[in-house]
Amino acid sequence: MTNTDAAISPAAEAFTIQVQGIQSVMPLRPTDPRHARKVALKHPQTVGVFQKCHHILLHYKKASEQDSGWVLAGRLKESVGRALLEYPMVAGRLRWSNDQKMAGRSGELELVSNDSGIRLVEAKSPMSLDEFLVMKDREDAEGQLVFWEELNEQDPQFCPLAYIQVTNFECGGYSIGFSLSVALGDPLELADFLKHSAKLHKEMFRENKAPVFYLPKLKASKLLPEPNVAKTRKQPSQTLLYSLNARNSDNEDISDTSSLAVLKRFALSCVQDAERKLGISGGLEFALLVKDRETGDLTVEVGPEGGPMSPSPELKCTKWGDRDSGFAEITFWETHRPAGVAYWVGLRAGEGLVMVSSARGDAADVVVTIPHGK
């Protein structure tokens, strides 16, 4: 869920889309053996963190007479299905361990690669892509170009963790919006999935063959609901990436990055540095996700709490955003690059997100996302 407090601009309010079709995309073959990752919730309120997701939006102008969002969406059903063979967790589901329904309490979930699939949404807009790209307050309307439904916290096992929305504009241009739960990983991991999918897509469709699944050939049987703008409202934010290598540090406090206590202190140091760099005075409520790179297990806490590292380690960070993520290089057809790119995390106003990915021993990455003005 994202921020719904601020008013949407008139231009964004006038922008509309119509959903034309929704289908599931499963891995091309059953995942065998199935994988399961533990997801430990240390506080009752942390279950709400799984309402948050990464949104990646790519805009493409029409590359050729045969190119369209309808064709691309049909091909994505095949290429993403193949990509999910290497990333089965993206097509998985969260479930309470031992069939517990423990919403509102601390407990343990599992992320299971049960091949339930992701959702592929096809939509259209009466506006041209050129008009949209120059529209005033375009950022307020971009939330309509991604699709996300909140997880049922009491019984999440039927809720997709990933959505793709392809929106066809009047001119023949189109956008591809990816929405992926934070339970699946940090932005670096999800960028790898997108780049792998695009690489397979280009390899599979070098001959420009028609897709097996092509929505315009099908007669719509009913009018589908439009996405809820309140749910997909874009909250401006900035994301900073930090890395820790204990071998290159003289700080004895970070000698063991497999220690949750050490990672929490390092994460707090990164949060304070990010707030200082972005001119934030504090007061944000952070959710902390710590992922073990070797097992994939996830620990979710409120925080980071406690004290930062002392002495504070030398912190270097890079910005992750529209221009710094590498998304502008993603191509699904030959060298046809996006005409526009956007990345944001679905957050409420006053919320922040810290994601820590650690390997046993001496290395860790910290991703800090903070709400920030346009």
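Okay, hi everyone. One thing before anything else: what you have on screen is a predicted model. So everything I say is computed from that model.

Let me start with the overall picture. The chain has 374 residues, and 55% of them count as buried. For secondary structure we get 6 helices and 15 strands. And if you take the contacts with a separation of 6 or more, 81% of them are between residues 24 or more positions apart.

A pair of rings is described by two things, the distance of the centres and the angle of the planes. In this chain the count is 11 aromatic pairs. I'll walk you through a couple of them.

Take F15 and F169. Why does this pair count as stacked? The ring centres are 6.5 Å apart and the planes sit at 25°, and stacked needs planes under 30 degrees apart, so stacked is what we call this pair. Buried or exposed, then, for F15? Buried, because its relative accessibility is 2%. F169 comes out at 5%, so F169 is buried as well.

Now the other pair I picked, F147 with Y163. Here the centres are 5.4 Å apart and the planes make an angle of 45°, so this pair goes down as tilted. Again we have a link between distant parts of the chain: F147 belongs to the loop between α4 and β7, Y163 is in strand β7 itself, and they are 16 residues apart. F147 has a relative accessible area of 8%, so that's buried. Y163 is at 4% and counts as buried too.

F15 and F169 are in one aromatic cluster together with F132.

Next, strand β3, residues 53-60, and a residue I'd like you to click on: H55. Its relative accessibility is 1%, so H55 is buried. Which side chain does H55 reach with a polar contact? That would be S179, at 2.9 Å. If we leave out residues up to four places away in sequence, H55 touches V146, W148, F178, S179, A342, Y343, W344 and G346. So S179 turns up in that contact list too, because heavy atoms within 4.5 Å are enough to count.

Then there's I56, also in strand β3. At 1% relative accessibility, I56 is another one that counts as buried. With those close sequence neighbours left out again, I56 touches I176, G177, F178, L180, L194, F327, A342 and Y343. If you want a C-alpha distance to check, I56 to L190 is 9.7 Å, and those two are 134 residues apart along the chain.

The largest cavity has a volume of about 80 Å³. What lines it? S64, Q66, D67, V71, L72, R75, Y174, H201, N208, F332 and W333. The largest share of that lining is 3 residues, and they come from helix α2, residues 69-83. By class, the lining has 5 nonpolar, 4 polar and 2 charged residues.

Last topic, the backbone. Have a look at the peptide bond from D32 to P33: it is cis, with omega near 0°. P33 is in the loop between β1 and β2.

There are also a couple of positive phi values to point out. D137 is not a glycine, yet its phi is positive, about 55°. You'll find D137 in the loop between α3 and α4. With a relative accessible area of 30%, D137 is partly exposed. E334 isn't a glycine either, and its phi is about 50°, so positive again. E334 is in the loop between β12 and β13. Its relative accessible area is 54%, so E334 is exposed.

That's what I had, thanks.

Notes:
Residues numbered from 1 in each chain as written. Predicted model: local features only at pLDDT ≥ 70, side-chain atom pairs only at ≥ 80, totals over all residues. Heavy atoms only, no water. Phe/Tyr/Trp six-rings, centres within 6.5 Å; stacked < 30°, edge-to-face > 60°. Buried < 20%, exposed > 50% of the residue type's maximum accessible area, 1.4 Å probe, protein only. Helix = DSSP H or I, 4+ residues; strand = E, 2+ residues; numbered from the N terminus. Polar contact = N/O pair within 3.5 Å; in protein donor to acceptor, adjacent residues only side chain to side chain. 1 Å grid on protein atoms, 1.4 Å probe; cavity = no way out; pocket = protein on both sides within 12 Å on 5 of 7 lines; lining within 4 Å. Points joined across faces, edges and corners; volume = space filled by probe spheres on them. Nonpolar A, V, L, I, M, F, W, Y, C, P; charged D, E, K, R; others polar.
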